[in-house]
Amino acid sequence: MATAARIAFESPDNHKTACPSKDRPVDLVHLAKQTMGDKALEAEILQMFARQARALVQEIAAAEVATVTALAHRLKGSANAVGAFNVAAAAARLEAEPDEAAALASLYAAVIEAENFITGLCR
């Protein structure tokens, strides 16, 4: 009986399961916390982020190495703010390795994935 009571009142061991929102290109739970659940504001912020990310990627493509670092840092901050954590991670990698072609390609892929996700949400 003591074992059954112990099992019944233990906290569940589910802290290791992944949050589905974190598997998406934009963590919508994070974004909802940032916007206090205002869906119109979320859509507006995501659309602004998509435009900014596209513009920064274009600037990065034509920039000198020193400028790439600053642009990647700016993109990393914006991506973290909206919950685009894959973009933020790719931007952080490019910030650390501004002359690495693989880091740039990873950033391009992450931005395109986030942009496609945002476009799908905002239809």
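Trainee: Hi! Which backbone nitrogen lies 3.1 Å from a polar atom of the Asp27 side chain?

Mentor: That is the backbone nitrogen of His30. Bear in mind that this is a predicted model, where local features need pLDDT of at least 70, side-chain atom pairs count only at pLDDT 80 or more, and totals for chains, interfaces and linings use all residues. Residues are numbered from 1 along each chain as its sequence is written, and side-chain values use heavy atoms, with hydrogens and water left out.

Trainee: Thanks! Where is Asp27 found, and is Asp27 buried or exposed?

Mentor: Asp27 is in the loop between α1 (2-9) and α2 (28-35). Helices here are DSSP runs of H or I with at least four residues, numbered from the N terminus. Asp27 counts as buried, at 2% relative accessibility; buried means under 20% relative accessible area, with a 1.4 Å probe and protein chains only.

Trainee: What about Glu42, then: which side chain does the Glu42 side chain make a polar contact with?

Mentor: With the side chain of Thr35, at 3.2 Å. A polar contact is a pair of N or O atoms within 3.5 Å; within protein, one must be able to donate a hydrogen and the other to accept it, and residues adjacent in sequence count only if both atoms are side-chain atoms. Glu42 belongs to helix α3 (residues 39-62) and is buried, with a relative accessible area of 7%.

Trainee: Which residues is Glu42 in contact with, leaving aside neighbours within four places in sequence?

Mentor: Leu31, Ala32, Thr35 and Gly37. Contact means heavy atoms within 4.5 Å.

Trainee: New topic! At what angle do α4 and α5 pack?

Mentor: Helix α4 (residues 65-82) and helix α5 (residues 85-96) pack at about 160°, and their axes are 8 Å apart. Axes are lines fitted to C-alpha atoms, for helices over the stretch in contact, and angles run from 0 to 180 degrees between N-to-C directions. The two helices are therefore roughly antiparallel, a label for angles over 145 degrees.

Trainee: And which residues of α4 meet α5?

Mentor: Val68, Thr69, Ala72, His73, Leu75, Lys76, Ala79 and Asn80 in α4 do, and their partners in α5 include Phe85, Val87 and Ala91.

Trainee: How many residues apart in sequence are Leu75 and Val111?

Mentor: They are 36 residues apart in sequence and 9.9 Å apart in space, C-alpha to C-alpha.

How values were computed: Parallel < 35°, antiparallel > 145°, perpendicular 65-115°, else oblique. Buried < 20%, exposed > 50% of the residue type's maximum accessible area, 1.4 Å probe, protein only.
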